[in-house]
Each structure stands twice: as C-alpha cells, then as structure tokens.
Amino acid sequence: MNRTRVSRRGVLKGAAAVSVVGLSAPFVRGAHAAGKLAVGFWDHWVPGANSALTKLCEEWAAKEKVDLTIDYITSQGNKNLLTIAAESQARSGHDILAFPTWQPADQAKNLEPVDDIMTELIKQNGAVNGTVEYLGRSGGKWVAVPATAGSQIKGPCSRMDLLKQHAGIDIQAMYAAGGPPKADAWTMDAFLTAAQKCHKAGVPFGVGLGQTSDSVDSAGAFFQSFGATLIDAKGNITVKSDATRQALDFYKRLIAVLPADVSAWDDASNNKWIVSGRGSMIMNPPSAWAVAKRDAPQIAEQLWTHGMPSGPNGRYAPFLPYFWGIWGFSRNKTAAKSLLMHISQPSAAEKMVIASGGYDLPAFEKLTTFKTWAEVGPPKGTLYHYPNPHNHQTLSIAAAPAPPKIAAQIYTQATMTKMAVRHAQGEAMEKTLAWAESELEGFSRS
Amino acid sequence: MVDAATGTMGVGTRAAARRRPGLFQRKSTIAFLMALPLILIIALLVLYPALYSMHLATLNKSMERFVGLGNFEFLFKRETFWMVVQQSCIFAITAVLFKALIGLFVAHFVHAIPNKGQRKWRGMLLVPWVIPPAMSTLAWFWLFDPSYSAFNWLFALVGIDPVPWLGDAYWARFSVILVNVWYGAPFFMIMYLAALKSVPEQLYEAASIDGANWWQRLWYVTLPMMRNIILITVLFSTIVTFANFDIVRVLTAGGPIDQTHVFATWAFKLGIEGGDIPLGASVSLFMLPILGLGAIFILRDINKRGNEA
C-alpha cells in the first residue's frame with residue numbers, strides 16, 4: 001500500500017505559500033463584519049414609536065457593520081416576562097432585552113455589568129433619579145441602562161373644566177406650562193376634598209385599586225407621601241406604623257368616593273373612565289390623553305397632566321422606568337454596548353419622545369425639557385409638567401425602599417392596594433396590618 | 001428435536017421454528033414501533049416539563065440551593081395558599097357539577113329531537129366549546145366590564161341597580177364559575193349524547209313492559225349504562241377545571257383581593273410575575289398527588305365494571 005509521506009520541509013513550504021497568498025489578497029470587509037446582534041425591545045403601545053427605534057438601530061447597524069435582528073415583544077399577557085424567564089433559564093436567546101422595572105434586579109446575576117456605559121451617559125446627560133439607581137444597580141454595579149422607550153410617570157391627568165366647576169380648582173393655573181408649579185395648596189386634604197366634591201357631582205375621580213401596575217403605582221405614591229413603608233431598605237418589616245395607618249385611613253375615605261368597582265380595575269379601566277367623560281381625574285401617563293385626542297377630542301381638550309398632591313412626608317409621583325440589559329451569555333457584548341450607547345444619546349432620546357407623542361421619558365436630568373412636551377396639544381402645554389422638569393416631586397416606585405427582590409414581590413402581589421381595599425371593606429386596621437405583616441414575612445424568604 | 005443418528009430435526013420442531021416470527025415481525029414490536037413517535041412526543045412535551053417542574057419545586061427562591069420540600073412547608077403556613085386551595089375546590093367542584101347536570105339535561109333534550117333536525121342543534125350547542133376560551137372569555141369580560149358592563153346596561157333599562165360583577169368577591173367567583181360552565185357544558189353534552197345513543201332500545205322496551213316510569217328508566221337503565229362515560233368525563237373535567245388558567249386570568253386575574261385565584265393563576269402570579277419560579281412550581285404541583293389518586297380510584301372502578309361486563 002502506497003503511503004504519502006509528509007515531511008517537515010513540505011509543511012513549511014505549504015504554510016509559506018498560504019501566508020503569501022493571504023497577505024497579497026485585497027482586504028474585504030463584509031457587510032456584517034462585526035458579527036450578529038439580536039435585540040428584543042418592548043412593543044410600544046403608541047403606533048409609530050417602534051419604527052423610530054428601529055430606524056435608530058438600523059442606522060447604527062449599517063455604520064457598525066452588524067447583522068442586527070430586532071423583535072418587539074409585547075407586555076400583553078406578560079409575554080415579555082415569559083421571554084425573560086425562558087431566556088434566562090435556557091441561557092440563550094437575544095443579546096439585548098428590554099427589562100421592565102423589577103427585572104434588572106431579579107436577573108442581576110445573569111446580566112452583563114454596564115458601569116462603563118452608565119458612567120459615560122451620566123457624564124453626558126446628567127444624573128439619574130434615585131428610583132432608576134435603586135432599580136438599575138445591583139451589588140454596587142449598574143446591570144442595565146435606563147430605557148427611554150416605555151419609561152413613564154403616572155401622575156394625575158385631570159379634567160380642567162370639571163375640577164374648576166365642581167371643586168373650585170384651576171389646575172391649569174396651578175401647573176401652568178412654561179414655568180414652575182404653584183402647587184403649595186395641592187395637598188392630600190385638597191385632593192380628598194376635590195374627590196368628594198366631584199363624586200357628589202357625579203364625575204368621580206378614577207384611581208384604580210386592582211392588582212395591575214397603574215393601581216399599584218398610585219398606591220405606592222400615596223403611601224410614600226404619608227411616609228408609609230412596608231419594608232425598609234435593610235429588609236426590616238415596618239408596616240405596623242402610624243404612617244401606614246394614616247395612609248390606610250386616607251384610602252378608606254378616598255375609596256368611599258371612587259367608582260364602586262375600582263378593586264377590579266386593570267390598566268385599561270382608568271383610560272376608559274376618563275375617555276368616557278364620566279370621570280374627572282385618573283392617574284396615568286399621557287396614553288389616556290392620546291386616546292382621547294383620537295376618540296373623544298372634546299374631552300382631550302380639557303385634559304391636563306400635572307403633579308401629585310403633597311402629603312406629610314412630601315410630594316411623590318409614581319415612576320415606572322424600563323431598562324435595556326445585556327445578557328451575560330451574549331456573544332457580542334461589545335456590539336451590544338455600542339448599540340445601547342447609540343440609542344441613549346440625547347438626539348436618539350428626543351426622536352423616541354417625538355415618536356411616542358411625549359409618552360416616553362428619558363431618565364437623565366438634562367433630558368426633561370424637549371420641545372415636544374411643551375408644544376403638544378390640544379390643549380397646548382398639557383404635557384409640560386409630565387417629565388417633572390422642575391423637580392417638583394420625588395419620582396418613586398411602589399414598595400421602595402425595600403430590597404428590590406422583596407419589593408418586586410410586594411409590587412406584583414399588589415399588597416398595598418389589597419391592604420387599602422381590605423380596610424375600606426370594613427376589616428379592622430390592626431387585622432389588615434397583621435395580614436400584611438404575614439405576607440411580607442413570606443416575601444422576605446431567600 | 002435432533003435425530004442423533006441422522007443429525008436432522010424432527011418434523012414438529014421444524015414447524016414450530018417456522019411459526020415463531022422474528023423480533024421485527026412480532027405484533028408487539030410493530031405496535032411499539034408505531035407508537036414510538038407518540039411516546040417520544042409525550043416524553044418530550046409532557047414528561048420532561050413535569051419532571052423539570054418537580055426539580056424546580058425543590059429549589060430555593062434564587063434557584064441555587066436544594067431545599068427538598070421546603071417550598072411546600074412554606075406554602076402550608078400561608079393564609080393566601082389555603083384560600084387558593086379553598087377557592088380552587090369551590091371553583092372545580094361547583095363548575096364540574098353544573099357542567100355535568102346541564103350536559104345531562106341538554107343531552108336528553110337533544111336525544112329526544114328527531115334525527116333529521118338533531119345535527120344543527122348539536123352543532124349550535126357545541127359552539128361555546130369550540131371557541132378558544134381566551135377569546136370567548138374576553139367577550140364575557142366586556143359583558144362584565146367594571147365600567148361598561150352590557151348586563152348592567154340592560155339592568156339599568158329596567159331599573160335594576162348595577163351589579164359589581166368583577167369588583168365584589170362573591171359576584172366575581174360567580175362570574176368565573178358561570179363562564180367555565182358555559183364553556184365546558186357542551187363537552188359533557190356531546191359525551192352524554194353519544195352514551196345515550198349507545199343504550200340498547202330493548203332495555204327501555206323491557207323496562208316499559210315492567211311498568212317503569214320515566215324516572216325509573218333514567219335511574220335503573222340510562223344512568224347505569226352511562227356510568228363509565230360519566231365517571232371518565234367527570235374525572236377528565238375535574239382535572240382540566242382544577243388546572244384552569246385562561247378564564248380566571250382574563251376575567252379577574254385572581255382579584256379582587258386574591259379571591260378568585262386558582263392554582264394555575266396564583267402559580268403564574270408567584271412564579272412568572274413575582275420571580276419566584278420554585279414557589280410557583282410548588283403551587284402548580286400541589287394538586288398532582290390528589291388528582292392522581294382520584295384518577296387511579298376512578299379508573300380502577302371503570303376497569304372493574306368493564307371486567308364484570
């Protein structure tokens with residue numbers, strides 16, 4: 001049997017020939033030389049908002065020669081949460097995902113730290129508020145970048161005409177567009193009195209007390225305005241306090257003048273309430289106003305987005321930030337970080353704000369004065385105070401300052417709205433507090 | 001048998017060797033091979049997720065540590081868990097009972113319709129069962145909507161106060177059971193109708209000759225002949241109703257104040273929305289041994305009756 005013998009000299013000759021051919025060949029840079037990147041963004045409510053984000057990403061991909069795939073994942077039926085859970089288990093899927101409020105802390109161990117991006121963005125765009133830091137940092141590291149798309153403040157959106165007519169409050173003068181609010185008189189007592197008067201007039205306030213995020217966010221802000229925390233930052237249960245009793249007492253009086261079925265409201269109920277013309281105030285981002293502009297323009301013309309009333313502990317507004325995070329298992333982290341830097345630039349943030357009609361909210365302090373919020377209407381200036389341009393109120397999240405993993409349980413189980421409803425339905429204060437304490441003990445397990 | 005002198009096999013032994021088929025010619029092997037794709041699909045889509053969820057239920061909240069039955073121990077101390085157990089039982093037992101009664105009642109009516117017109121009635125009565133429940137429940141949600149309930153609108157026309165269908169715990173429980181009965185009763189109806197059609201006419205004739213009235217014919221002829229179908233349908237429906245997710249999720253999401261949660265919706269709330277997957281898995285597995293035992297007893301009884309026959 002013949003056998004070809006490979007000599008050392010032969011191998012060296014071959015290698016030299018290959019090297020010469022390789023070096024002399026022209027340099028060809030492929031269209032996708034920087035590899036592939038798969039991104040899963042949140043599927044925006046506002047028509048057209050996704051396409052603005054797609055355009056920004058495609059510009060970046062063309063410049064950086066990256067083969068980019070974008071999926072928009074809806075939060076309807078918690079599809080986005082299911083995707084996050086599945087990808088985290090499988091350690092496979094997208095490189096970048098949009099993470100709702102509590103998910104960065106929950107997935108912290110599976111996420112690539114983004115301190116380098118955040119240091120640069122904070123230097124460029126100004127500081128972020130305490131809630132973004134509370135949710136986006138874990139173990140001393142930034143684990144996700146606050147996203148413009150999807151972040152929102154759920155402050156009051158009132159009917160100017162009805163508040164003036166039935167409660168004697170000129171909310172537009174209090175929160176005039178273009179200047180700082182003159183809202184010293186806008187307190188919890190004033191809010192409750194207005195709610196009672198509007199109820200009497202047959203146009204009640206519509207503050208949800210269900211188990212979905214709009215209801216929970218409102219309850220969180222009211223509780224914090226009274227200084228009521230269920231669990232403190234160290235993880236101690238602090239629900240049995242005078243502040244919580246005050247908050248529950250306030251809610252009991254408020255629930256008496258809300259629509260009878262607010263305990264069954266979901267995130268669409270408050271929108272429908274204000275658009276129908278039957279209510280005088282809701283707590284919501286500008287999506288309700290945007291729907292009214294399309295479906296009931298005469299009502300939209302009377303809607304004004306403004307700040308929260310102040311309580312004994314201060315003025316707190318419900319804030320719900322979204323984040324963009326990079327999975328630790330991503331194979332193209334460099335490209336992922338580059339994309340996140342690109343879509344967090346002020347010009348990119350402004351494009352998203354414009355496309356979403358003012359709904360989206362950048363988290364950085366220098367990005368709260370885009371022209372869109374001052375100019376959209378009717379009525380013109382209705383969203384001027386939406387991004388909290390004068391730092392008039394503390395942007396907060398329900399269940400803070402509890403450690404995020406415990407707070408997420410309080411939030412998703414809607415413990416605060418359940419406490420309010422139980423007490424309002426006649427359960428003794430101490431029994432409600434004891435029930436809450438038992439629930440909180442359960443949430444604190446490791 | 002080998003003949004020692006000639007070295008040849010006996011005629012009888014040769015014939016026996018010819019008759020015995022090879023491994024791949026045996027009926028049992030062929031049957032196994034034909035069923036193999038189904039066995040593999042079941043192993044992949046049912047067995048693996050079931051075993052994986054059992055594994056998850058033994059981990060701690062961050063899924064880093066084995067805790068054995070610690071999650072169940074924790075659950076048994078929770079007031080909300082026992083409330084969910086109670087609600088799931090109320091929901092499943094009431095819904096299955098009404099589905100069975102309505103199914104039996106309607107099946108008798110349809111059976112009484114002449115064959116010519118029966119087909120269209122069967123088709124119409126099956127409509128609730130063939131619509132995906134998530135879709136039909138959405139339509140029910142609009143009928144019960146907190147602010148725009150169509151039922152309340154009708155009530156207002158005749159001067160009746162609005163009913164908080166989904167805002168009050170008792171009405172909300174009533175609503176989810178009602179929708180489940182509406183959705184599931186046609187299944188019972190069609191199964192019972194098939195069973196009714198298989199009862200030999202001669203038995204009724206014999207009963208009539210003996211002077212049996214309608215009630216006695218039902219009690220002594222129809223129900224005993226339908227017994228196996230009733231047991232299987234009730235077992236199947238009980239399992240499916242205990243595991244119901246979509247109706248409660250779409251209609252109330254477990255509210256108000258957790259008072260309509262069933263195992264699946266609470267497991268989803270804890271596991272997926274609350275990020276405590278092991279606890280969610282434990283909740284969803286809680287009914288497994290109870291329903292498993294129930295299934296064994298019912299199926300054993302059916303086998304016994306089958307053998308008696």
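**Notes on a predicted two-chain model**

1. Contact here is defined by C-beta atoms, placed from the backbone, lying within 7 Å of each other. Please keep in mind that this is a predicted model, where local features need pLDDT of at least 70 and side-chain atom pairs count only at pLDDT 80 or more, while totals for chains, interfaces and linings use all residues. Residues are numbered from 1 along each chain as its sequence is written, and chains are lettered from A, with ligands numbered from 1, in the order in which they are written.

2. A420(A) and F263(B) have the most contacts inside the largest nonpolar core, which has 195 residues. Helix α8 (residues 169–197) of chain B gives the most to this core, namely 14 residues. Such a core is a set of buried Ala, Val, Leu, Ile, Met, Phe, Trp, Tyr and Cys residues joined through C-beta atoms within 7 Å. Buried means 20 or more other C-beta atoms within 10 Å of the residue's own, exposed means 12 or fewer, and partly exposed is in between, with C-beta atoms placed from the backbone. Helices (H or I, at least four residues) and strands (E, at least two) are DSSP runs, numbered from the N terminus.

3. Now the interface. On the chain B side 25 residues are in contact with 28 residues of chain A. Helix α12 (residues 263–273) of chain B supplies the largest share of the chain B side, three residues. By class, that side has ten nonpolar, nine polar and six charged residues. Here Ala, Val, Leu, Ile, Met, Phe, Trp, Tyr, Cys and Pro count as nonpolar, Asp, Glu, Lys and Arg as charged, and the others, Gly among them, as polar.

4. T252(B) deserves a look, in the loop between α11 and α12 of chain B. T252(B) touches A264(A) in the other chain, along with L166(B), A172(B), V176(B) and T260(B), again without residues up to four places away in sequence. T252(B) has 28 other C-beta atoms within 10 Å and is therefore buried. From T252(B) to G167(B) the C-alpha distance is 8.8 Å, although 85 residues separate them in sequence.

5. The loop between α11 (246–251) and α12 of chain B also holds D258(B). D258(B) is not a glycine, yet its phi is positive, about 70°. With 22 C-beta neighbours inside 10 Å, D258(B) counts as buried.

6. Elsewhere in chain B, helix α9 (residues 201–209) lies largely in the open, because zero of its nine residues are buried. G211(B) follows α9(B) and has a positive phi near 90°. Chain B is divided into domain 1 (23–56) and domain 2 (73–308), with bounds from an automatic or database domain assignment. The centres of these two domains, taken over C-alpha atoms, are 30 Å apart.

7. In chain A, four strands form an open sheet of mixed pairing, in the order β8-β9-β7-β10. Strands pair if DSSP finds at least two bridges between them. The edge strands, each pairing on one side only, are β8 (205–206) and β10 (303–305) of chain A. Helix α13 (residues 287–295) of chain A packs on the sheet, touching β7 (156–159), β9 and β10, and its direction makes about 160° with that of β10(A). Axes are lines fitted to C-alpha atoms, for helices over the stretch in contact, and angles run from 0 to 180 degrees between N-to-C directions.

8. Two parallel pairings in chain A are worth checking. β8(A) pairs with strand β9 (residues 281–283) over two bridges in the parallel sense, and F205(A) stands opposite M281(A). Strand β1 (residues 36–42) and strand β2 (residues 67–73) of chain A also pair in the parallel sense, over seven bridges, and K36(A) has D67(A) as its bridge partner. Five of the seven residues of β1(A) are buried.

9. Finally, some backbone geometry in chain A. The peptide bond between G377(A) and P378(A) is cis, with omega about 0°, and P378(A) sits in the loop between α17 (371–375) and β12 (394–396). A400(A) and P401(A) are also joined by a cis bond, with omega near 5°. A399(A) has a positive phi near 85° without being a glycine, and counts as buried with 28 C-beta neighbours inside 10 Å.

Notes. Two residues are in contact if their C-beta atoms, placed from the backbone, lie within 7 Å.
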